[in-house]
Structure formats: C-alpha cells, structure tokens
Amino acid sequence: MNKNLNTSKSIGLVLSGGGVRGMAHIGVLQAMKEFGIEAKTISGSSVGALVGALYANGNSMEDMMRFFKETPLFKYNFLTIVKSGFIDTDRYIDIFKHYFPENSFEALEKKLYVVATNLQKGEEEFFSSGELIRPLLASAALPPVFSPVELKGNLFADGGVMNNFPTEPLLHSSDFIIGSNVSVTKELAQKDLKNSFQLTGRVTGLMIYASSKNKLVDCDVLISPNELENIGILDRKGMIKAYDIGYDHACKAFEKTMAH
C-alpha cells in the first residue's frame, strides 16, 4: 500500500489479545510517541482493549505498566487458577474505577472500540459508547479462568474468542492503520506439547491465529514479533521482556515506513 504515515490525517490503531504479551502494545505506544505518531481511533480485543483504553484515556506508559503490575489479572499461575475455580471478574471494577473514574467511553480523549464475545448469541459485539469498565472486563475475561460479565442481559467473555484482531471499525474511519499483533505462532518441538495444558494452549493459539491471519493484511504497518511466542500468556515475569520486544520492533517498523 502506498500510503504515507507522515501525511496521514486519521491514524487507526488495532491491538490484539494475548495476555502478558500485550505489554508489547505499550512498547509500541512508546515508540509511536517518540516518532510523533498519534492514533485518533483505537480498536482492541482482550488485553488490547485494556491497553487501548489506557491510551485513549491519556495515561502515561508508566501508568499503563503500573496498571498491569497492580491489577491481579495476571497474579495467578494458570494451573492454580484452574484448581481454585473461577475468578470473579466483577471484583476488578474498583481497580478499574481508579483509572477510569468517569467510567464512560465519552470521557476518553480518543475514539475507542472494544470487542467482546456474546456467549449466549454466539457472536462478537463492539462497544464504543456508554459504560466503559464492564465492556473492558468482558473483553478480557478469558474463559475458563475468569467469570463472564453480564451486559445488556447477556453474558460476555473474552473478545479474542471470536475476534482477536478487530480491524473492522478502523477500515472506514482511518486512512492509515497500525497493527500490533501479540498472538503469534511458530513451529514447536514435540517436547513442547507433552501435557494437556501445553496442548490446549497451542490449539487455542492456532485457532486465534487462524481467525486473525487474513486481517493482518489490512494494516499499513504491522508489528507482530515472533519472539513473543517464548513468553507464556500468563507469565508475569515476561512483562518487561514483552514491552522491550514491542518497542524494538515498532521502532524498526516506523523508521522503515517514515524513510519511504
């Protein structure tokens, strides 16, 4: 695509789901800031919806990293979560209120679209107006780890189930689309598929990747670092590493794009 990032009037940003790997999105935002690139419209799924909301809210990168370090979304090892049953997603509302006191899409500085999965109707749904916090929680409520969130009389869960790379709202509203995809897949050795958790993780990852693959081409600049595959989706130690990977890849991508 012969589009110019330097002269674009309306930049759109799409942020995928992917757990702790989503800290790479914050690295991408830091690179955008340093290159003087600002998105007008953001569309996010799961952790991408959370990062997108903080960006649309005008939070600093330090604030964003603090949000994920302090929010117990990632405080649990996957195995202990499964043993101890569901985590009540509603208990995160107070933590989110600290960051989004007005609790509305309209209070944000930028236009935000959040996708969540309507479990009862079996379809994805976009939220972009009215109450903010519950749609954000719904978008990030990965089953079976987190309990679904009730919205408009229906139960909603992780946006990534149906739409992990939600480019749709940006296709007509933005003249240049930057994509940050943290759900990457690489070839695995047999030893990496030896138990049911590894197998489930791999199958889920491949299903999500397959549904996103065709939409990655909608982006004028795509940051999709393969190294993120080495970071477990709920591996809290990987937070800084994911941020650094996102930042490095974004800097290279913007350097290349702006040189043209």
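K110 is buried, at 12% relative accessibility. Buried here means under 20% relative accessible area, exposed means over 50%, and partly exposed lies in between (1.4 Å probe, protein chains only). The model is predicted: local features need pLDDT of at least 70, side-chain atom pairs count only at pLDDT 80 or more, and totals for chains, interfaces and linings use all residues. Residues are numbered from 1 along each chain as its sequence is written, and side-chain values use heavy atoms, with hydrogens and water left out.

K110 has a charged partner. Its side chain meets that of E38 in a salt bridge, 2.6 Å from N to O. The term salt bridge stands for a side-chain nitrogen of Lys or Arg within 4 Å of a carboxyl oxygen of Asp or Glu. E38 sits in the loop between α1 (23–34) and β2 (41–45), and K110 in the loop between α5 (93–99) and β3 (111–118), so the pair ties together parts that are 72 residues apart in sequence. Helices (H or I, at least four residues) and strands (E, at least two) are DSSP runs, numbered from the N terminus. E38 counts as exposed, at 55% relative accessibility.

How many salt bridges does a search of the whole structure find? There are four. One of them pairs E125 with K152, at 2.5 Å from N to O. E125 lies in strand β4 (residues 123–127) and K152 in the loop between β5 (149–151) and β6 (154–157), so this pair links parts 27 residues apart in sequence. E125 is buried, at 16% relative accessibility. K152 is exposed, with a relative accessible area of 61%. K152 also has a backbone feature: its phi is near 50°, a positive value in a residue other than glycine. N103 has a phi near 50° too, again positive in a residue other than glycine. N103 is placed in the loop between α5 and β3.

Another salt bridge joins K215 and E168, whose closest N and O atoms are 3.0 Å apart. K215 lies in the loop between α7 (196–213) and β8 (221–223), and E168 in the loop between β6 and β7 (176–180), so the pair ties together parts that are 47 residues apart in sequence. K215 counts as buried, at 13% relative accessibility. E168 is partly exposed, at 31%.

Now turn to the helices. Why is helix α6 (residues 133–140) described as largely enclosed by the rest of the structure? Because eight of its eight residues are buried. They are I133, R134, P135, L136, L137, A138, S139 and A140.

Next come the helix pairs. Two packed helices are described by the angle between their axes and the distance between the axes. Axes are lines fitted to C-alpha atoms, for helices over the stretch in contact, and angles run from 0 to 180 degrees between N-to-C directions.

Start with α1 and helix α2 (residues 47–56). They pack at an angle of about 35°, with their axes 9 Å apart. The crossing is right-handed. A crossing is left-handed if the near helix is turned anticlockwise from the far one by less than a right angle, and right-handed if clockwise. M23, H25, I26, L29 and M32 of α1 make the contact with V47, G48, V51 and Y55 of α2. Contact means heavy atoms within 4.5 Å. By class, the contact has seven nonpolar, two polar and no charged residues. Ala, Val, Leu, Ile, Met, Phe, Trp, Tyr, Cys and Pro count as nonpolar, Asp, Glu, Lys and Arg as charged, and the others, Gly among them, as polar.

Helix α2 also packs on α3. Their axes come within 10 Å and cross at roughly 140°. That makes α2 oblique to α3. Angles under 35 degrees count as roughly parallel, over 145 as roughly antiparallel, 65 to 115 as roughly perpendicular and the rest as oblique. This crossing is right-handed. V47, L50, V51, L54 and Y55 of α2 meet M64, F67 and F68 of α3. The contact holds eight nonpolar, no polar and no charged residues.

Helix α3 (residues 61–70) leads on to helix α8 (residues 239–259). Their axes come within 11 Å and cross at roughly 150°, which makes α3 roughly antiparallel to α8. Their crossing is right-handed. M65, F68 and K69 in α3 meet M239, I240 and Y243 in α8. Five of the contact residues are nonpolar, none polar and one charged.
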